[in-house]
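Subject: Structure handover

Hello,

Here is the structure you asked to see. My notes follow it.

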Amino acid sequence: MFNWFKKRTKQFTLPEFWNDYENSFSPDTHKDLKTARFVVLDTETTGFSYSKDRILCIGAVEILNYEIQIAHSFETYIKQERFNEKTVEIHGIIKNERLKTVTEYEAIEKFLEYLGNAIIVAHHAKFDVTMINKMLERHGFPHLKNKILDTVHLYNATRIKTNFNRQEELSLDNIADKYLLDVSDRHTAAGDALITALVFLKTTTILKNKKGITLKTLFKV
Amino acid sequence: MKNTIAERIADFLKRFPPFDLLRKSQLLEISKQVKITYMEKGQVIYHQNDTLHNHFYIIHKGAVSLLKALESNKNEVLDKFDEGDVFGLRPLFAKENYAITAKTAEECILYAIPIDIFRPMAEKNKSIGNYLIESFASNTENPFTKEHHVQFFSDAEIILNPTDNHFELQPVNYIKKIVTAKPSSKIKTIAKTMSKKNIGSIIIEDDGKPIGIVTDKDIRNKVATGLHTISEPVTNIMVSPVLCYPKNITIAQAQITMLKHRIGHLCITEDGTPNTKIIGLASEHDMIVMKGTNPSVLMKAIKRSNTTKDLKRIREKIMVLLNGYIMQNIPLTHTNKIIFELNDATIKRVIERCLVKMKQDPPVSFAWMSLGSQGRKEQLLHTDQDNAIIFENVPEDKLEDTRAYFLKLAKKVNKRLNTIGFDYCPADMMAKNPNWCLSLDEWKAQFTKWTTNTGNDELLLCNIFFDFDISYGDSRLTNALANHVLDITKNNTIFIAKLAANALSNASPLGFFRQFLVEPNGEHKDQFDLKKRALMPIVDAGRVLALSYQIKNINNTAERFEKLADIFPQNKELYLGCSYAFKAILKFRTKHGLINNDNGRFIKLEELTKEEKMKLKRCFKTISHVQEFIKIRFNISTLL
């Protein structure tokens with residue numbers, strides 16, 4: 001109940017950048033795969049608890065014209081208020097490489113500005129999107145409004161279901177390995193986002209050719 | 001801001017040329033602008049005649065075919081690229097539409113790099129410029145022409161000038177306004193002219209062509225001594241013929257030529273022979289003024305050496321010189337000529353000294369012939385000595401005594417050459433072998449035998465002995481033999497066809513999918529045999545073509561092809577391509593030989609850079625073209 005009240009009261013004072021974000025959506029923003037703008041993202045978190053854990057880093061790349069636009073990639077490290085021993089590793093990275101970190105609020109502002117009305121693509125998208133939504137909640141924002149595609153579903157759709165591959169593990173590592181993608185940059189948010197983007201390009205190409213899937217039907221696979 | 005992805009892309013790019021030549025900051029700048037595309041097998045990246053993209057590509061994963069559309073609606077695969085290969089760059093520099101189609105041969109991940117960010121870096125960085133010129137060449141037969149250079153960099157800011165540190169490899173400066181006299185002039189008149197103009201020599205010309213030269217020395221020795229009177233025509237004292245060279249002769253070559261012939265002047269004519277017009281005069285004095293020492297110092301040292309030990313030491317210095325030339329990327333033609341002259345002088349000096357040691361003059365005139373690579377003037381590193389002796393015909397009863405003298409001489413020479421660093425020939429193809437110490441008539445008979453009843457052994461011998469060149473002695477003998485060879489091969493189509501078939505018998509350097517074919521077993525297992533698979537095919541091709549077109553007195557493979565290009569302009573591109581490929585491979589071999597301190601024959605593939613592999617593959621393409629050409633030209637399919 002307390003949370004509910006907090007949300008209601010803050011809504012009146014939502015900043016300009018949220019309004020810009022919200023207003024960018026219109027019914028027919030994305031017509032087809034070729035012209036649609038996708039933001040492929042990955043987060044690094046302190047753990048798997050939606051309530052206790054926090055996002056350490058967001059990495060994302062943009063797909064436009066069906067090409068990964070490195071020039072428009074996104075990478076932000078978030079300052080942590082509390083020390084959590086699980087985050088020692090990433091803190092270590094941050095300290096050693098003298099990374100610039102920002103507050104959660106600053107991260108939200110930067111990320112929403114970058115994300116706009118793009119279609120979100122992520123591997124096990126529910127986790128990343130929920131973590132981001134939880135972060136939004138903490139600062140009194142509504143949830144993300146973007147359409148979401150999950151590369152796990154896309155990958156599954158390319159597979160023929162048989163008794164042999166039912167137990168297949170659908171981790172990004174596994175799929176990258178199957179697709180012979182270079183996994184050397186795994187486990188950094190940006191690196192994972194790039195691999196996810198490649199998986200996305202490959203799976204959608206397969207689906208487009210074999211099943212005649214279009215952007216509209218892609219959400220239903 | 002941290003950019004993990006750009007750093008990873010930079011890590012990938014820096015493994016491949018030309019990106020390995022960029023600074024880290026530049027790499028990162030490029031990496032930040034890359035676009036990544038995924039393509040299935042069989043997708044077209046760009047079509048022939050398409051307008052240019054704003055970027056070029058490097059293959060991150062997969063393979064790409066470059067295709068040329070043929071009239072028959074079919075495509076010919078020109079080349080296949082794989083991971084790390086760059087394509088689609090040349091048209092962006094040339095600013096012309098795509099001339100070929102690029103299509104994925106496998107599923108691909110491509111990095112597209114915007115040209116706008118790369119071009120300024122390439123144009124400012126000399127080594128990238130050079131690299132690109134070479135790689136662009138992969139679509140042409142003979143890449144290294146000046147036209148290409150200008151075409152790719154219209155600003156023409158980058159000029160290959162690797163000779164900065166090698167003064168002696170620059171072309172000679174010659175005097176263009178020279179004083180000449182007619183053959184009918186009197187000695188007194190020309191002496192007056194020389195005094196008036198304060199010059200030490202004067203060329204005697206007729207119709208613009210040089211027919212002789214008179215120097216202060218001639219006047220001193222032949223006139224002042226009273227041998228000739230000053231009213232005699234100048235033709236009585238002039239030195240004739242004049243040694244002529246083309247204008248691009250290097251200082252080093254001019255210097256050693258002068259030392260060799262003990263003269264102080266070289267006449268520069270339009271084509272380097274006395275049959276064309278004079279365009280200038282190069283004098284020793286002018287060159288000394290211009291500085292420049294190394295090869296000429298070595299040449300002097302060779303001439304003055306009195307022990308084999310000296311020569312061995314000098315030869316080590318020659319190798320240092322060679323190393324410098326190769327490492328500084330001096331054009332091989334120049335390097336080759338200088339090293340040849342030094343080797344040649346070394347051989348001459350050894351023979352001179354051995355003749356003195358014989359304490360008895362040769363019974364008849366003779367010539368020392370160098371065979372194989374030294375005969376073709378292609379010997380850069382220490383390789384085996386292949387040589388033979390030819391001597392004047394003598395009556396039958398004197399033959400064996402005469403041979404005995406020359407065998408004794410040959411034994412001395414072979415032994416000393418070995419000490420200096422020219423290893424003994426394992427097949428005993430040396431002058432000390434009685435089989436290869438023959439009179440002119442015996443040699444003629446030998447060559448006739450080889451060319452009339454030709455089996456595999458004979459072909460092998462022909463390949464070695466046909467490339468003979470005189471190193472010392474009476475050139476009338478070697479000339480007579482060369483004429484004989486041309487006579488007996490002139491209409492001998494069977495022999496030529498066998499030789500051609502033999503030229504094709506060497507295994508091809510590349511497998512079907514552009515991988516290097518390595519040795520399947522033995523000491524050099526999994527290494528690439530550069531001599532057998534790359535050099536020999538092209539040398540053999542040059543020999544059979546030269547022989548079949550009766551080209552005389554040119555043994556050098558590159559020069560053979562250049563001559564062929566001259567005679568047959570319709571095949572110019574192919575022949576010049578061969579000439580270039582040969583030089584490139586030889587240089588490559590020399591470089592590797594110097595690095596590994598061996599003869600450079602066997603190459604460990606993993607030691608090659610991408611750039612080197614690319615260069616070699618391009619040369620191999622030329623080899624397969626010329627082999628194809630020979631197959632058709634000599635109608636080989638019926639013989640194989």
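Five of the five residues of β16(B) are buried, so this strand is largely enclosed by the rest of the structure. Buried means under 20% relative accessible area, exposed means over 50%, and partly exposed lies in between (1.4 Å probe, protein chains only). This is a predicted model: local features need pLDDT of at least 70, side-chain atom pairs count only at pLDDT 80 or more, and totals for chains, interfaces and linings use all residues. Residues are numbered from 1 along each chain as its sequence is written, chains are lettered from A and ligands numbered from 1 in the order in which they are written, and side-chain values use heavy atoms, with hydrogens and water left out.

**Strand β16 of chain B**

In a regular strand the side chains alternate between the two faces of the sheet. Both faces of β16(B) are covered. B:Asn387, B:Ile389 and B:Phe391 are buried on one side. B:Ala388 and B:Ile390 are buried on the other. Strands here are DSSP runs (E, at least two residues), as are helices (H or I, at least four), and both are numbered from the N terminus.

Which strands pair with β16(B)? Strand β15 (residues 366-370) of chain B runs antiparallel to β16(B), joined by five bridges. There, B:Ser370 has B:Asn387 as its bridge partner. Strand β17 (residues 437-439) of chain B pairs with β16(B) in the parallel sense, over three bridges. B:Leu438 of β17(B) stands opposite B:Ile390. Two strands pair if DSSP finds at least two bridges between them.

The loop between α14 (372-375) and β16 (387-391) of chain B holds B:Lys377. Phi of B:Lys377 is near 60 degrees, a positive value in a residue other than glycine. B:Lys377 is partly exposed, with a relative accessible area of 32%.

**An open sheet in chain B**

Three strands of chain B form an open sheet in the order β9-β10-β11, with mixed pairing. The edge strands are β9 (180-181) and β11 (209-215), each pairing on one side only. β9(B) runs parallel to strand β10 (residues 201-206) of chain B, and two bridges join them. B:Ala181 has B:Ile204 in β10(B) as its bridge partner.

B:Asp207 sits in the loop between β10 and β11 of chain B. Its phi is near 60 degrees, again positive in a residue other than glycine. B:Asp207 is exposed, at a relative accessible area of 53%.

One cis peptide bond to check in your own viewer: B:Ser240 to B:Pro241, with omega near -5 degrees. B:Pro241 lies in the loop between α8 (216-223) and β12 (244-245) of chain B.

**Helix packing**

Two packed helices are described by the angle between their axes and the distance between the axes. Axes are lines fitted to C-alpha atoms, for helices over the stretch in contact, and angles run from 0 to 180 degrees between N-to-C directions.

In chain B, the axes of α20 (residues 530-548) and α22 (residues 572-596) come within 10 Å and cross at roughly 145 degrees. Residues of α20(B) that meet α22(B) include B:Leu530, B:Ala534 and B:Ile538. On the α22(B) side they include B:Tyr575, B:Phe582 and B:Arg589. Contact means heavy atoms within 4.5 Å.

In chain A, the axes of α6 (residues 151-158) and α8 (residues 189-211) come within 9 Å and cross at roughly 40 degrees. The contact involves A:Leu154 and A:Tyr155 of α6(A), among others, and A:Phe200 and A:Leu207 are among those of α8(A).

**Helix α2 of chain A**

The buried residues of α2 (residues 16-23) of chain A are A:Phe17, A:Trp18 and A:Tyr21. Seen down the axis of α2(A), they fall within an arc of 100 degrees, so they line one face of the helix. The arc is that of the directions from the helix axis to the C-beta atoms. A:Glu16 and A:Asn23 are exposed on the other side of α2(A). The cover over the buried residues of α2(A) includes α4 (104-115) and α5 (125-138) of chain A.

**Chain B overall**

The secondary structure of chain B comes to 23 helices and 20 strands. Of its 640 residues, 53% count as buried.

Best wishes
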